Amino acid sequence: RQHDSTTAIRLADSRRANSHQRLWPAAGRYLRTMGGSDTDQIAAFEERFARAQTTDVIDLPWGFVLLQRDFPSSHDHNRAVVTSTALSADILSTVDDAMGGAGLQHRQISVIDDALGLELSDDFTAAGYERETITTMIYRGGPGGPPEHHVQEVSLEELRPALLREWKLLLPHSADDVHAQLADRIHLYARGAEVARLVVFEGPEIAARMDFYFDAESGITQLENLFTHPDFRGRGYAQSLINEGLRRGQNAGCRLAFLGADLDDWPHKWYLRLGFVKSHLAYNFTRL
């Protein structure tokens, strides 16, 4: 996301209690293996979900670049993905050409392989990139209990004021058009999966929210963008949203539910207590 500090980006992407940059492999690698491991199935779902939201995809020998020209401030939608070994200098040069040619100020590189990410890390950080480590977590607990608090689904129009409030809180020094882009990009998600926008109200205010994605073809559910406003934390709203997401997935015939979390932030430890287990690591490298 095109913001004025790396600290602000990390707050925005990882402390909405898990909203991270999702990672996926190159096209042919997993789409032909729909019967593969859970990791392969998640990767295939994420790739379909992400590609469906772009305006342009540039396929490369070592991965691909995703562009969404209507939302240039969204790092989620404008980045490179490295899926196989290549010289770091070649990757960095190609990313500069592709993203710079699209008029983007930021640079974002996602590396989906743990060993490859560590191999490239020194050269990327020397080039001015900061690294974030993401763990994908799969739900291995039993049937989820009913949510303690009332959870309901809302429309995009109903959710938008809360999203604008959220982004202004997380990125107070960013321009209004950046806040608007980060709020309005949620229109894109339905291009890649069935989407439900779940919230908990306290009085007239949306106190907490979470996105629920379901892919009927693969039977996979993703829980994403969990955020509780600071004024309403410590009341169990986040756990109610997680429980409702798991319940909806189970009712829809979901066979696999997952989310992602910043390995260096506290929420991943909370997810462990809820019955999620760590599956695999990947990395995001960001330069402003």
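Predicted model: local features only at pLDDT ≥ 70, side-chain atom pairs only at ≥ 80, totals over all residues.
User: How many helices and strands does the protein have, and what makes a segment count as one?

Analyst: The protein has nine helices and eleven strands.

User: Why is Val199 called buried?

Analyst: Buried means under 20% relative accessible area, exposed means over 50%, and partly exposed lies in between (1.4 Å probe, protein chains only). Val199 has 0% relative accessibility, and therefore counts as buried. Val199 belongs to strand β7. Leaving out residues up to four places away in sequence, Val199 touches His150, Val151, Gln152, Val154, Leu159, Ile206, Ala208, Arg209 and Leu241; contact means heavy atoms within 4.5 Å. The C-alpha atoms of Val199 and Leu241 are separated by 7.2 Å, although these residues are 42 apart along the chain.

User: Why are Thr133 and Asn225 placed in that class?

Analyst: Thr133 has a relative accessible area of 7%, so this residue is buried. Asn225, at 4% relative accessibility, is therefore buried as well. Thr133 lies in strand β5 and, beyond its neighbours within four places in sequence, contacts Ala261, Asp262, Leu263, Leu281, Ala282 and Tyr283. Asn225 lies in strand β9 and has a positive phi of about 60° although it is not a glycine. For the protein, 57% of the 288 residues count as buried.

User: What makes β1 and β6 edge strands?

Analyst: Two strands pair if DSSP finds at least two bridges between them. The open sheet has eleven strands with mixed pairing, in the order β1-β2-β3-β4-β11-β5-β10-β9-β8-β7-β6. Each of β1 (56-60) and β6 (152-153) pairs on one side only. β6 is joined to β7 by two bridges, and these strands run antiparallel. On β7, Val199 is the bridge partner of Gln152.

User: Which helices pack on this sheet, and how are they directed?

Analyst: Helix α4 (residues 88-101) packs on the sheet and touches β1, β2, β3, β4 and β11, its direction making about 130° with that of β4. Helix α8 packs on the sheet too, touching β5, β6, β7, β8, β9, β10 and β11, and its direction makes about 25° with that of β8. Axes are lines fitted to C-alpha atoms, for helices over the stretch in contact, and angles run from 0 to 180 degrees between N-to-C directions.

User: Why is β4 described as largely enclosed?

Analyst: Five of the five residues of β4 are buried, so the strand is largely enclosed by the rest of the structure. Both faces are covered: Arg107, Ile109 and Val111 are buried on one side, and Gln108 and Ser110 on the other. β4 pairs with β3 in the parallel sense over three bridges, and Ser110 of β4 is the bridge partner of Val81.

User: How do you know that the span of α3 agrees with expectation?

Analyst: The expected span of a helix is 1.5 Å times one less than its number of residues. The 14 residues of α3 (residues 38-51) should span 20 Å, and the end C-alpha atoms are 20 Å apart, so the two agree. Ten of those 14 residues are buried, so α3 is largely enclosed by the rest of the structure. Among the buried residues of α3 are Ile42, Phe45 and Phe49. Helix α8, with 15 residues, reaches 21 Å, close to the 21 Å expected.

User: What makes a group of residues a nonpolar core, and which residues touch the most other members in the largest one?

Analyst: A nonpolar core is a set of buried Ala, Val, Leu, Ile, Met, Phe, Trp, Tyr and Cys residues joined through side-chain atoms within 4.5 Å. The largest has 27 residues, of which Leu223, Leu226, Leu241, Ile242, Tyr271 and Phe276 touch the most other members. The elements giving two or more residues to this core are β5, β7, β8, β9, α8, β10 and α9. Apart from it lies another core, of 21 residues, including Phe45, Ala162, Tyr189 and Ile206.

Technical notes: Residues numbered from 1 in each chain as written. Heavy atoms only, no water. Helix = DSSP H or I, 4+ residues; strand = E, 2+ residues; numbered from the N terminus.
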